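Welcome, and please load the model in your viewer. We will stop at a few places, and at each one you get something to select and a short note on what is there.

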Amino acid sequence: MEEVDSVFYTDHSGRVSGNPLLDQLPSYQSLLYRRKSSTVASKRRSSSRARLGSSGSGKWGVSTFGRNEEKPKSQAARRPVRELPKTMAEKRTDETQRLEENRELDRLGQLRLSARRFLRRLREDAHEWLSSLKLWRGDIHLIEGMFGTGILSYFSFLRFLVTLNMIIFVLMFSFVMLPIIVAPTASGNITYSQNDGGPCGVYPSSARRGLVIFHQHITDLLSGGGFLEQTYLFYGYYKVDKIHFPKATYNLPLAYLLVTIAYLFLSLIWIVKRSATGFKRNLVQDEDRFQSFCNKIFSGWDFCITNENAVRLKRSSLLYELRTDLEEERIKQKIADRTSRERCRIYLIRLVLNLFVIAVLAGCFYSIYEATVFSQREQMKMKKENFIVDLVYEYLPSIVITMANFITPLLFSVIINYEDYSPAFEIRFTLMRCVFMRLTSIGVLLFSLWSQVTKCDDGDCICGYNHKLYSCWETRVGQEMYKLTIFDFIIIVAVTIFVEFPRKLIVNYCDCGLAKWWGQQEFAIPQNVLEIVYGQTICWIGTFYSPLLPAICTIKYIFIFYIKKVTLIYNCRPATRPFRASSSNFFFLVVLLIGLALACLPVSFSLAQIKASQACGPFVNYTTSWEVLPTTVSQLPHGIKTLLFALSSEAFAVSFFVVTCLAMFYVIALAGAHKRVINQLREQLAMDGRDKRFLIQKLCQAQKVSAVQSPVSKSQPRRSSSRSSPSYHTSFSNNFNEAVFLAQPPPNSSTHV
């Protein structure tokens, strides 16, 4: 007798036989096609497995079904009843069953169960309590309800930066400032860093003497000079080597260096951790364009919106997203249909425009360099002009940087229209150009400063830096970062008061065509994010030179939050081009990560390469700031020193690199296996959809046959169900409770391979 391979079902007697209806399912036909296309050996192996499966399919199928059902049931049993997706009647039934099961448990089991429930409730209460302590919780919920999750992402990002700066300030205050403050009250003996008394150790005081005019205090407050220069605000004040407490000695230079490394490393870990979720979401969304369409159509609505204007805006934004996606598909098709001549023309246009962009960036960078050099030269003159001119000289680099950051985005938005990119890529490419402009301008400013610091009139700098003009060059760098922070905040406030608010009044109360064409100010999320990322990059760079700068940035971001909230509600409207919350969060963190990488470069260069000032700061006794670390390691016990040297050796580095490569290869292989499983599951889902469609078609056909036969059945006496000719509809209704098959098959039907 020839072996068969069938689709099995269980009838009332427990026997297993084939079902011709289920044999016609597309998924089963696809399985047969794959088996026919395989080799003879694989056919034999598969047929033998099929025989083994068919011989015990009744018991095996039931047991497998039971095992598969046990896991969801156990998971559902562990979840609270109120969280189950069931009706109230079913929840009451489940609660009654759980109470009966608990009565049957012994005392130890009941004790474990009650302890588990108590810990779960304690964890939930703690989570709710911590959520209630989040900063601006009510304000952010209000913004989310009025404008949706896209704009919410900006304010959540701002809250994250406030928290990050607060933690950085706590680190700097706890390990650098607090020991100096508590040393006199804790019987601590402070040992100050000593210099050799040569010309490199002279640090003239910049405090004003005699009668001081009021506007000079304003100049000092805005520039960080005068009475602020030799305070806790700047690097030069911390001229402490060691603090001797009764039972311990505190090494302040080592603490200063380690805290700098710690806040940069903490920022890196925190940003990467937050961006991982957004990266996975973006990866899933960009995987399949059809999935993107489905997400927008079936799950694109934001149910947090409660404002009527926001509802209309969300509707138009969804419409815009769909149009954008369709436009991208059209442009992709257009790109695929381009001839060689059209490609050459487009590439030539892009080349010319990118050369123009490079020329614009080079001009901006050169202007920043010249402005910095001119500002430093004018500040070194003993003769001072009037108050306004002195303030312009102080803030000239900041003014030039702000003008460049204002002009170049407008120019980039015009240029991108002629490069023939897709709409989504236009936004990303323009933003990346703006990010490059904003962050690189800080690097050009620092390069300009260091070119002046390391340049001496005599040719060779006897101190390693220009000690005549910059007796404490770290404080001068800290002052420039301080001025950039203050000026950035002034610009944000000034734009809100003198640009956005008058524009709102003009648009609302002026009926002229120009005002209607100008329109209300849009709350552009990417541009606002670039502003705070620019400020955060300045904060990371300046914290080493100005330890109190994180506290200033924290206060600044708190004010910015309320300013942006007011201007969003009263002055601006959300942008017509939407920014999804998931993609925007990931984009914000990527830009912030770029800013952190840029901040690490100048700080690392100044720590390792530029000679530390000999007149100020905690590193007077060292050639460079990094030298304190190997000096401290050399004073440790022999065992610890040997361990640290082994960890920093080439052998350990090579071994660590090999282990890292192996782990990376394993992760890559695991990701490939997961991707194959995902593809198989996608195929299975597609087959399930085809099977459902096929079964619905058969059911409709059965209903039509039943409708045709119903008049005949009324005219003739009803026969017994055992003698009647079964149809799909009657068999479905008769066997619905068993839910195993749809049709009553002939006794000897089977499907042959």
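A charge sits over a ring if NZ of Lys or CZ of Arg is within 6 Å of the ring centre and within 35 degrees of the ring normal. Before selecting anything, note that this is a predicted model, where local features need pLDDT of at least 70, side-chain atom pairs count only at pLDDT 80 or more, and totals for chains, interfaces and linings use all residues. Residues are numbered from 1 along each chain as its sequence is written, and side-chain values use heavy atoms, with hydrogens and water left out.

**Charges over rings**

Select R274 and F160: the charged end of R274 lies over the ring of F160, 4.3 Å from its centre. Next pick R438 and Y534, where the charged end of R438 is over the Y534 ring, 5.7 Å from its centre.

**Aromatic pairs**

Rings of Phe, Tyr and Trp (its six-membered ring) pair if their centres lie within 6.5 Å; planes under 30 degrees apart count as stacked, over 60 as edge-to-face and the rest as tilted. The structure holds 28 such pairs. Show Y232 and Y237, whose ring centres are 4.6 Å apart with planes at 55°, so this pair is tilted. Now move to F234 and Y482: with centres 6.0 Å apart and planes at 80°, they are edge-to-face. F234 is in the loop between helix 9 (214–223) and strand 4 (240–244), while Y482 is in helix 17 (residues 473–509), so the pair ties together parts 248 residues apart in sequence. Helices (H or I, at least four residues) and strands (E, at least two) are DSSP runs, numbered from the N terminus.

Are F234 and Y482 buried or exposed? Both are buried, which means under 20% relative accessible area, with exposed being over 50% and partly exposed in between (1.4 Å probe, protein chains only). To see one aromatic cluster, select Y232, Y235, Y237, Y238, Y256, W473, F544, Y545 and F619.

C472 is buried at 6% relative accessibility, and C616 is buried at 0%.
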